[in-house]
Amino acid sequence: MATAFGVFTGILSTISFLQSNIPSNDGSSSKVRVFVGLDGTQGLTNAGGDAPDIRQFNNNPEFLGANYDPGYIGSGTYKDIRISQNRQQPVYTLLTANNDAICIAYLTTYAFAGNWGHTCGQDWYYSGVYQDNKELECVWIDGNGDRPVTAFHVKWPEFNENGYATTDNNNIQSKYCDSPNALNFQYGNDPGTIYYKRDAASSTRSYPPPIGQLHHKAPVARRSMLDNRLVKTSRLSQSARTLCESETSSGPDFVNLAEGLYCNMQKKELMPTCTGILGETCFDVERLAMKVDGIIGGLLNFVKIIDWGNGTDLADTADKAFDIDLL
Ligand SMILES: [Ca+2]
Ligand SMILES: [Ca+2]
């Protein structure tokens, strides 16, 4: 796959690379391959699901074409999604999730590795899919609230032949995670727009498809209202406060043990975890219950505890799901 691609060495080679690798049979379509993680990898489950909507944009970026609701991708497999468009190069590709979440290990027209989810602090997991003998991570996307990311775009020339950064490590965060140009994750309902910065001086602009080509789906009921799972983590990068204070976040209740905060995602209510002080109002991590003025309230009926661990020990980062009766 991606290893057959040339290395980006400059504008000229980038152009020839793009032109020679657009897999188009008749000059009227482009193709994006979406490869998803393999169920069973460190407890990965339901990695397959609905293929994302794909929108292609040229370098300006102007909308070129799209394929909406392109079908299903099985666990550990890929789907080639064909997009009807003119002969212009698709430089930006926007992937918008549908309702059955998928965990993306890699993408090609050119190359993008699912590891970017982890690198940029998004919802990720181990994929069980290998590239050059190295296991890729996958990034989760979902359209109706089971996972926080609903869409992301990639600007293909910003990624090397293996789908990684073209900059040195010091610039990865600023170029790929903090600026919307090369890569941008979105969390809203059915995003159809890409956001980018032409340069640092100009403001962020959005480029939706022209009126008439806009694709609207009926807003979906976000499942977070019914989600009675709890995610536990000790990773400082996964802040319960950040998640709770974000208007666009959705998903299971979330407790960060290192941060000492619990977020009731339905109410978007932040609460400290209990420390043993008399009379405190807090979330009791052991008993899975709220304490008000030191008195245990009703038990919270979590059906699953998803333990993301501390991010350093593979055994502890498995997406474990416990029956509540076994705790
Ligand atoms: Ca799924
Ligand atoms: Ca879903």
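Start at Pro61, in the loop between β3 (53-57) and β4 (63-67). Strands here are DSSP runs of E, at least two residues, and helices are runs of H or I, at least four residues; both are numbered from the N terminus. Show the backbone between Asn60 and Pro61: the peptide bond there is cis, with omega about -5°.

Residues are numbered from 1 along each chain as its sequence is written, and chains are lettered from A and ligands numbered from 1 in the order in which they are written. The model is predicted: local features need pLDDT of at least 70, side-chain atom pairs count only at pLDDT 80 or more, and totals for chains, interfaces and linings use all residues.

**Colour by confidence**

Colour the chain by pLDDT, the predictor's confidence in each residue, from 0 to 100. The average is 78, and 74% of the residues score at least 70. Now select residues 1-25. Their pLDDT stays under 50, and the model gives this stretch 35 contacts beyond four places in sequence. A contact means two C-beta atoms, placed from the backbone, within 7 Å. Residues 221-225 also stay under 50, with twelve such contacts. Where pLDDT is low, predicted coordinates should not be read in detail.

**The whole chain**

Zoom out to the cartoon. The protein has five helices and 24 strands. Of its 327 residues, 37% count as buried. Buried means 20 or more other C-beta atoms within 10 Å of the residue's own, exposed means 12 or fewer, and partly exposed is in between; C-beta atoms are placed from the backbone. Among contacts between residues at least 6 apart in sequence, 58% join residues at least 24 apart.

**The five-stranded sheet**

Go back to β3 and β4. They belong to an open sheet of five strands, ordered β4-β3-β7-β12-β13, with antiparallel pairing. The edges are β4 and β13, each pairing on one side only. Neighbouring strands are turned by 15° against each other on average, direction ignored. The axes are lines fitted to C-alpha atoms, for helices over the stretch in contact, and angles run from 0 to 180 degrees between N-to-C directions.

Next, select β7 (residues 92-96) together with β12. They pair in the antiparallel sense over five bridges; strands count as paired if DSSP finds at least two bridges between them. Leu94 stands opposite His153 in β12.

Move along to Val154, in β12 (residues 151-155). Is Val154 buried or exposed? Val154 is buried, because it has 25 C-beta neighbours inside 10 Å. Beyond four places in sequence, Val154 is in contact with Thr93, Leu107, Phe112, Phe159 and Leu183. Draw a distance from Val154 to Ala182: their C-alpha atoms are 5.8 Å apart, although 28 residues separate them along the chain.

**Around β11**

Select β11 (residues 134-141). Six of its eight residues are buried. Strand β10 (residues 124-131) pairs with β11 in the antiparallel sense over five bridges. Tyr125 has Cys138 in β11 as its bridge partner. The two strands form a hairpin with two residues between them, and Asp132 in the turn has a positive phi of about 50°.

**The cores**

Nonpolar side chains tend to be buried together in soluble globular proteins. A nonpolar core here is a set of buried Ala, Val, Leu, Ile, Met, Phe, Trp, Tyr and Cys residues joined through C-beta atoms within 7 Å. The largest has 53 residues, and those with the most contacts inside it are Val34, Val36, Cys103, Ile104, Cys138, Val139 and Ile141. Strand β8 (residues 102-108) gives the largest share, six residues. Apart from this core lies another, of 15 residues, including Val231, Cys244, Met265 and Phe283.

Centre on Val139. Which residues does Val139 touch, not counting those up to four places away in sequence? They are Cys103, Ile104, Gly114, Trp116, Gly117, Gln122, Asp123, Trp124 and Val149.

Asp69 sits in the loop between β4 and β5 (72-73). Its phi is near 50°, positive in a residue other than glycine. Asp69 is exposed, because 12 other C-beta atoms lie within 10 Å.

Finish at Asp190, in the loop between β13 (183-186) and β14 (194-196). Its phi is also positive, about 50°, and Asp190 is not a glycine. Asp190 counts as partly exposed, because it has 19 C-beta neighbours inside 10 Å.
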